[in-house]
Amino acid sequence: MSEKKSLNSLIIHPDIEPGVIDNAMLTRCILEYGPKEEAGRLFAEEGVHLDEAQIVRLEFQNILRIDHLWMLKSLRKLTLAHNLIEKIENLELLVGLNELDLSFNKIEKIENLDELVNLEILTLFHNKIRKLENMDTLENLLVFSIGDNLIEDYKEMSYMRRFRKLRSVSFKGNPCCDDPMTNQFLKSALTRVTYLDYKLIAEEERESGRALFRGHLRKLDDADEKAEKERLAKEDYEAKVKFYALSFVEYLSGPELLDSMFEKDPDGSLLLKVGGELLGFYEQYKEQYEETMAGLVQFAQEAYNSRQNEIKLFKDLVDNALEDSVVKSKMVVAGFEEKKKSLIDQMNELIGRFTSKKATIEQLEPNIIDAGEAFNDIIYDLWKKLMTIEMQLYEQCEESRVQFAVNMTEMITKLLEVSRNAFGAWREHEGMWSMRQFEALSKLLGNKIMLGDAPPELFEVMMDRDQMMNLIAQSSDNHMRFIDAREDLLMTRANNWRDELIQGANDNEIKRNRDRILEIYYYIDNQREEWTDMQMNMTETVDPETAALLGDDF
Amino acid sequence: MVCTSIRPTKLCYSDTTSWQGLSSLVSDYFDYEPLRKPMLLPERIISAYTAIVRRSGNPFELAHVLVSWLIGAGYDAYVVVGCAKRDVCMAIRYRTVCPEIPDESAVIDTPPPSEEEPRYRLVPLPDLTSKYCKDMDQKEAEKQQAELNKIESERLKKIAELEKPPPDEIDGWRTHAWVLVLPGFKGVEEPFFIEPSEGNGYPISAPQYQQLDSIYNNENYYVNLKSCAEGLGSLNYDLNELTCWEHLLAGEPFHRRQLVGIDCADKKTAFDTEKHLDVPTSWIEKLDITADEYEQRYPGSHKVIRYKKVLSEKFSPYSERDGVIKRIIIYEDYALSIPLLTYEWYKNRVDKMLTVKIDHLKREVRETFGIGRKDHLLKHIYSMDAPTTSVEGERTLEFNYYARLDHLTKLVCTGLTFDEYYTDREDRLETRFITYTEGNKFDPKRQVKDIIETYNRNPDIPSKDDIWKKIFHTQENTIEILYHYDYNFVTNNTRFFIKPNLAETGGKILFYPDKTTGYIADPCTKPPRPLDVYYALCDNMESEHHSRKHIRDRESDITGYLKQRECELNEPILFVGLFDTERNDAAKKGWQEQETQKAEVTEREKDAEIDPLAPYLARMFGSGHGAGALTVKEATLVREQCLNDFRAKQLARQNLVQERFDKLNAEYKNKRLWYLANQFILTPEKESAYFALSAELAFQVHTLEVRLTRHRDLSSPRFKALEDYLDKHPLLKEFNRLRHYYRMK
């Protein structure tokens with residue numbers, strides 16, 4: 001019976017203890033793969049800091065589920081090969097991950113990798129994957145291994161074309177690899193990949209593959225090109241918006257904002273459908289708006305440039321002053337080190353005389369006290385000099401900081417004034433538009449013939465004077481609110497930017513000043529401590545003979 | 001007339017387009033002969049051409065040559081006849097300062113201060129010094145300075161007094177000739193003089209020229225009418241001014257003529273109204289010099305000039321064994337006996353040495369090299385007393401770091417130090433200073449004491465991990481590491497190790513916390529982990545090992561370089577250009593061989609002129625037939641055979657061509673007929689094939705036709721030529737004589 005059981009368990013179910021990722025396992029694995037010998041001793045002595053580990057290898061641990069990895073904050077390389085994992089999960093927090101090895105597991109689906117944007121090497125060798133998916137965010141992918149999986153259709157691999165940095169792919173061992181076309185297709189379709197199955201792809205091979213799959217590849221190429229174009233256009237647009245945002249006038253160039261204003265205003269757009277004369281007015285309005293805003297945008301751009309220039313001037317001044325002061329201070333410290341060295345030599349000589357019993361401590365005492373005083377003097381001197389330099393620097397820069405704040409405020413105020421004018425002009429255009437709109441619509445009021453082909457709701461409105469008036473007023477109100485909102489946004493952003501800049505400059509300077517003073521005190525304390533240590537050493541050195549006598553006594 | 005002895009000539013060498021180049025060429029090219037009778041004009045002036053051949057001349061002859069060349073180069077130049085000081089007339093230079101001493105004072109160009117008022121300024125620190133004290137100090141300093149100046153000026157005066165030339169009895173009467181260049185051409189804006197014996201230009205107010213009698217060139221002769229008492233600078237150099245200059249020939253040279261009011265349409269009236277006279281053409285040959293002469297430059301390949309306290313020697317390239325082309329020696333005294341400085345310039349040396357400066361006081365030699373040496377040496381400064389092939393002497397070597405793999409820029413060696421400087425190295429090493437302890441009695445070799453390596457900042461890693469300096473105290477077994485300063489920090493991290501004794505631990509590096517100390521500049525960071533400190537220790541022990549090995553390698557390298565240098569200095573080799581036809585011996589030999597081979601070939605061809613009779617003679621007498629004349633009978637036979645065969649051959653050829661022509665022509669015609677018959681039912685492809693084929697055929701037919709006519713035209717002259725040849729054939733002499741005789745009859 002027992003024999004049978006053991007046999008059974010051996011054959012069918014060896015009693016595997018499923019591994020669970022926990023602190024103990026992590027520590028064990030980290031130590032196991034950590035440094036060896038003397039370094040290993042130090043490493044173990046210090047204890048494992050999970051949040052500092054960069055490489056963790058959890059191999060052959062029979063792990064069933066990925067979990068409890070979130071504390072490995074600085075992880076760069078994670079190996080989970082040769083386990084029993086069935087699902088990729090709980091890796092979201094390992095954002096810094098560079099290399100992920102999940103080979104020899106039982107994974108069926110690629111998923112939950114979206115957060116790992118820094119991933120360069122991804123190994124999924126020997127799993128049960130049938131489809132390539134959910135990897136769009138892994139833009140930095142360099143090496144990808146999907147060999148020995150269950151991919152049936154080699155066309156699936158055209159998914160890999162989107163990775164611009166991908167250089168190496170291994171694919172061998174999938175069911176579709178029996179088809180000789182697979183290799184041909186991969187070589188021709190993955191144009192950016194240099195190595196397939198760890199072998200360099202020759203240009204002729206690529207060519208022959210290209211000839212075979214011409215139609216299919218052309219389709220893929222076209223799609224790629226289109227996507228690429230869209231991507232570029234989007235990037236351009238975003239860069240432009242970002243650039244304009246620096247001068248607080250994003251979306252103001254061109255008719256974009258006006259269009260969106262009408263979009264957000266159903267009444268206005270409804271009335272616009274009357275057409276005819278109204279459309280001409282609308283075009284006019286649009287033109288006027290564009291002109292006004294172009295002026296504003298241009299001014300804002302210039303203002304932005306002059307602001308940058310101003311910031312650079314100020315920064316240069318402060319940086320140069322800091323540089324000078326650092327150089328001066330370093331020289332002071334070097335001078336101090338020199339003086340200290342001679343004192344230490346002196347002290348060492350005294351200690352030497354004492355330990356070799358040429359003099360007793362009583363005889364040496366005045367010398368030691370002298371040396372100590374001299375040391376105190378030079379320390380004080382050092383402190384005074386360093387602090388003077390720092391205080392001078394702080395005071396010298398203070399005034400220009402104030403001046404800088406004033407200049408910045410002035411510039412922003414000017415910008416706001418111009419923008420106020422521009423927005424005022426916009427409001428005027430708006431008022432004129434609404435008046436013209438009213439006039440144009442009044443002419444058509446109740447005119448059933450002219451409004452024959454208008455949509456029913458518009459028709460209804462146009463039949464009733466009050467209703468129409470209401471609608472116009474509402475639309476105008478809406479527009480005014482929209483304009484107000486945009487102006488407010490510009491003003492608040494500009495003001496905030498200025499406040500942050502000035503406050504930041506002040507804060508930085510104060511922090512810098514405090515850091516420096518802290519450093520000076522810390523250095524001086526350190527020096528004092530060193531000196532006292534040396535003195536203590538001397539007084540504590542009890543000569544061995546006395547010690548022996550004492551030892552006998554006790 | 002003296003004007004005709006000027007022959008404008010254009011020289012075509014690289015620097016003979018400017019007056020500077022031409023005048024220095026003249027001064028280098030000729031030996032100067034002062035006038036025999038200093039107050040008189042020379043009795044005769046030899047032609048400029050002869051002067052060039054003789055390579056020496058008096059001032060008039062030199063001025064003629066120079067003016068000829070200057071006019072050839074496009075200047076408006078004149079020979080000046082007048083009086084000058086003795087030093088100029090006799091070409092005495094030992095009272096003038098040498099103009100060619102290289103200027104070694106470094107040029108410091110300060111960037112111009114920005115004009116813009118800075119928008120931000122640092123508040124100036126309060127000035128706490130006493131203004132009164134400053135004033136007093138300044139006054140004191142000024143007083144001292146004034147005293148010093150006085151002493152200095154007195155000294156200078158004394159020197160000037162000493163250096164004054166001895167009195168000259170005939171001062172102001174010494175005849176001399178030099179060159180005047182007038183403005184208007186080649187960017188010359190002011191008139192100036194050129195002294196042909198020196199090759200220098202002088203302003204017209206130069207004091208050494210005392211009187212100007214007349215000027216002339218190949219176009220006219222002008223006599224000065226004004227007094228020269230106020231110096232030559234006060235004269236009016238506008239030659240059109242008739243109150244100042246009397247013209248020998250009425251009128252002006254062509255380029256200065258004003259053609260206003262002259263009717264140019266009719267030649268005769270123009271000639272009559274114009275009233276300008278031209279100097280006859282020069283009687284002198286063109287004043288060209290050959291490229292070899294130009295390159296040789298100095299008469300006898302060598303020229304020595306004594307300046308004040310300076311001796312200047314010049315040599316033609318390749319004339320000296322070591323390739324020196326110029327040497328300037330600066331002396332302490334006027335007698336040129338105690339040298340101070342020697343400058344030498346070299347050319348065409350295989351070791352690329354360009355200049356040498358020897359400082360006899362400091363006993364220091366400075367050699368500079370061109371780029372392209374194997375060891376990429378650019379500059380070598382060493383003490384004359386230093387051992388020639390040892391790194392223990394005082395020397396500095398500068399390298400072309402860019403070409404070197406190790407990016408070594410400079411090496412400074414002294415007895416107890418060895419400093420290396422690097423630029424742009426990938427591992428950011430900047431300097432490595434090595435100090436040695438002196439060898440003692442037991443071990444005379446010096447020992448490495450400290451190695452200090454400095455690295456520059458790597459912006460990619462935080463400053464606390466970026467090593468600035470590594471100091472290895474090899475004799476105390478300690479390592480000191482200084483890290484870079486962080487932003488806004490005035491102290492830096494340091495780390496000090498006492499190296500573990502590897503012999504005790506069996507080669508393993510063990511870590512003892514009490515054998516290392518360190519300072520961390522930032523009070524807010526955690527103390528470093530022992531593991532990292534341990535790694536740093538291991539790294540640096542490794543790096544010390546590398547450095548020591550490197551030092552040994554470097555020393556042997558440098559010793560090798562120095563040996564090489566010694567060799568090069570002792571046995572200089574000159575470089576000969578590949579295309580230098582004069583000196584490239586190997587190539588010359590090759591050319592000569594080629595020439596002889598070519599000559600041989602032509603000789604052989606000449607010998608082997610084809611004798612149409614040869615085959616017949618061979619048939620009759622065997623191949624080794626001598627040159628004996630044939631009897632009449634034999635000759636008749638041979639001649640007949642030869643002519644018959646020729647005729648038959650011509651005929652055969654004609655028939656062959658005719659036959660081919662007929663055949664092709666028939667084919668062509670057939671094709672054409674076929675086409676005419678079928679042209680409406682042919683497919684376009686067939687039609688185009690037909691056209692291609694028929695074009696081809698037509699071409700061939702045409703070719704044959706041409707050959708045929710040519711053959712017909714040529715066959716009778718050929719036959720005639722053969723007959724003529726046979727008539728004059730030496731072997732048939734007897735026969736021909738007879739035939740002639742009979743025909744005459």
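Strands S14 (residues 353–359) and S15 (residues 364–369) of chain B run antiparallel and are joined by six bridges; strands here are DSSP E runs of at least two residues, helices are H or I runs of at least four, and both are numbered from the N terminus. Two strands count as paired if DSSP finds at least two bridges between them. Thr355(B) has Thr368(B) in S15(B) as its bridge partner. The two strands make a hairpin with four residues between them, and Arg363(B) in the turn shows a positive phi of about 55°. S15(B) is also joined to strand S16 (residues 377–383) of chain B, again antiparallel, by five bridges.

The model is a predicted one, with local features needing pLDDT of at least 70 and side-chain atom pairs counted only at pLDDT 80 or more, while totals for chains, interfaces and linings use all residues. Residues are numbered from 1 along each chain as its sequence is written, chains are lettered from A and ligands numbered from 1 in the order written, and side-chain values use heavy atoms, leaving out hydrogens and water.

On to the charges. Over all chains, 63 salt bridges turn up, each being a side-chain nitrogen of Lys or Arg within 4 Å of a carboxyl oxygen of Asp or Glu. In chain A, Glu390(A) pairs with Arg516(A), with the closest N and O atoms 3.1 Å apart. Glu390(A) sits in helix H10 (residues 361–444) and Arg516(A) in helix H12 (residues 465–540), so this pair ties together parts 126 residues apart in sequence. Both residues are buried (under 20% relative accessible area; exposed is over 50%, partly exposed in between; 1.4 Å probe, protein chains only).

In chain B, Arg327(B) forms a salt bridge with Glu313(B), the closest N and O atoms lying 3.6 Å apart. Because Arg327(B) belongs to strand S12 (residues 324–331) and Glu313(B) to strand S11, the pair ties together parts 14 residues apart in sequence. Arg327(B) is buried at 18% relative accessible area, and Glu313(B) is buried too, at 13%. Elsewhere, salt bridges with shared partners link Arg349(B), Asp351(B), Glu367(B), Arg373(B), Asp375(B), Arg565(B) and Glu568(B) into one network.

Back in chain A, Glu287(A) lies in helix H9 (residues 277–355) and, at 58% relative accessibility, counts as exposed.
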